[in-house]
Amino acid sequence: MKKINSILKTLFVCLFTVVIVGANTSFVSFATEVEAPEAQAEQVAEEPVAEVQAAPAPAEGSAIAIVEVESYTIEGGMLEAGKDVTVNFNLHNTSSSSSATSIIMTMNSSSGMIYPVYGTDNQIYVGSIGAGKTKTVSVPVTVSSFFRSDSVDITCQFDYITSNNKMANTSTIVIPASGGTTLGVKSIDLSSHAIVNGKSLLSFRYANNSEVNITDAKLVIEGNVSKNSKAIKLDTVYAGKSYNKDFYVTFVEDGDQEITVTLEYTDIDGEEVSTTLGTYRILVSKETEEDIIPTSDRVLSLAGKVGALVVLVCAAFVVFKYIKKH
């Protein structure tokens, strides 16, 4: 019996030793497997960092063409009721890689105060604009005779094809009545009739819309006018002030004369501005017969009239003496 108990104790100790050794082996194995994922995670984390650093910077501009109104200018200088002006739209393709083709611009005004001139419609075929390029489109329009506002709105819708896809985009601009320039022109009036070498009145209403004085403004007149009339210098145009000035233009040839009036000055950004205020037709008549008589003839004519007056006085005196004697 004692021998059996001794054998059991020996077996128990052996089993216990085996269990302890097996447990240690499991713990060590488990610890090794936990460390492996951490190392792998560090390796995986490092790879994306390397990829991000090596990735190229994205290209500027959109991938597809977007047509917009970059800027505009007005030929005519200002908006007046019933007047025809030309709006020059500078259209820009913002894409750096795609062209816009078959562009059609549809122009509208929600106020109804501006519309295409008679004989034209509100759709203009623009054609193509390359990637990053700009194209100028000139549109003649008429200002409504009911226009009394300080500005007018124009909405331009662009329909075009880019990267084999049909696209549409809309731009809206608001044009001040002054034309949107530093020197805003309110009106310019020129007599429709004139006389050769005579002074013809030109009335000019304008305003300085900026906060800087303009000192070099002048009106440039192209046509058959005298040397002094070709460039009319304006006095200093003070910031925020409005003016109504009268000037004179002298024509040197008779007939149906055409002149073009341009306003030139340096704006607040130091850039030279040249704005065409319009083309005008003036009927210039020859000088009257009295005006074209030479000076010598005028002197002789005057002397003859004086002599005739003296003779008349003498005759009257003689008649008076005769009547008194009788």
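**Before you start**

Local features need pLDDT of at least 70 in this predicted model, side-chain atom pairs count only at pLDDT 80 or more, and totals for chains, interfaces and linings use all residues. Residues are numbered from 1 along each chain as its sequence is written, and side-chain values use heavy atoms, with hydrogens and water left out.

**Stop 1: the whole chain**

Show the protein chain as a cartoon.

The accessible surface of the protein chain comes to about 21,000 Å². Carbon and sulfur atoms hold 57% of that surface. Accessible areas come from the Shrake-Rupley method with a 1.4 Å probe; for residues, only the protein chains shown count as cover.

How many of the 326 residues count as buried? The share is 31%. Buried means under 20% relative accessible area, exposed means over 50%, and partly exposed lies in between (1.4 Å probe, protein chains only).

Contacts tell another part of the story. A contact means heavy atoms within 4.5 Å. Take the contacts in the protein chain with a separation of 6 or more: residues 24 or more positions apart account for 68% of them.

**Stop 2: Val-152**

Select Val-152. This residue sits in strand 7, which covers residues 151-162. Is Val-152 buried or exposed? Its relative accessible area is 3%, so Val-152 is buried.

Next, show what surrounds Val-152. Leave out residues up to four places away in sequence, and Val-152 touches Leu-79, Ser-109, Ser-111, Met-113, Ile-114, Phe-147, Ile-173, Val-174 and Ile-175. Pick Leu-79 from that list. Leu-79 and Val-152 are 73 residues apart in sequence, yet their C-alpha atoms are 8.7 Å apart in space.

**Stop 3: the end of strand 7**

Move along to Ser-163. This serine is in the loop between strand 7 and strand 8 (165-176). Ser-163 has a positive phi of about 50°, although it is not a glycine. Its relative accessibility is 44%, so Ser-163 counts as partly exposed.

Asn-164 is in the loop between strand 7 and strand 8. Its phi is near 65°, a positive value in a residue other than glycine. Is Asn-164 buried or exposed? With a relative accessible area of 79%, Asn-164 is exposed.

**Stop 4**

Two strands pair if DSSP finds at least two bridges between them.

Zoom in on strands 11 and 14. Nine bridges pair them in the antiparallel sense.

**Stop 4: the ring cluster**

Show the side chains of Phe-204, Tyr-206 and Tyr-243. Ring pairs link these three into a cluster. The structure holds two aromatic pairs. Rings of Phe, Tyr and Trp (its six-membered ring) pair if their centres lie within 6.5 Å; planes under 30 degrees apart count as stacked, over 60 as edge-to-face and the rest as tilted.

Look at Phe-204 and Tyr-206 together. Their ring centres are 4.7 Å apart and their planes are at 25°, so the pair is stacked. Phe-204 has 0% relative accessibility, so it counts as buried. Tyr-206, at 2%, counts as buried.

Then turn to Tyr-206 and Tyr-243. This aromatic pair is stacked: 5.4 Å centre to centre, with 20° between the planes. Tyr-206 lies in strand 11 (residues 199-208) and Tyr-243 in strand 14 (residues 242-250), so the pair ties together parts that are 37 residues apart in sequence.

**Stop 5: a charge over a ring**

Select Lys-199 and Tyr-248. Lys-199 lies over the face of Tyr-248, at 5.8 Å from the ring centre. A charge sits over a ring if NZ of Lys or CZ of Arg is within 6 Å of the ring centre and within 35 degrees of the ring normal.

**Stop 6: around strand 6**

Finish at strand 6 (residues 134-143), which pairs with strand 2 (residues 84-93) in the antiparallel sense over nine bridges. Three bridges join strand 4 (residues 114-116) to strand 6, and these run antiparallel. Select Val-141 in strand 6: Val-85 stands opposite it. Pro-116 stands opposite Val-141 too.

Notes. Helices (H or I, at least four residues) and strands (E, at least two) are DSSP runs, numbered from the N terminus.
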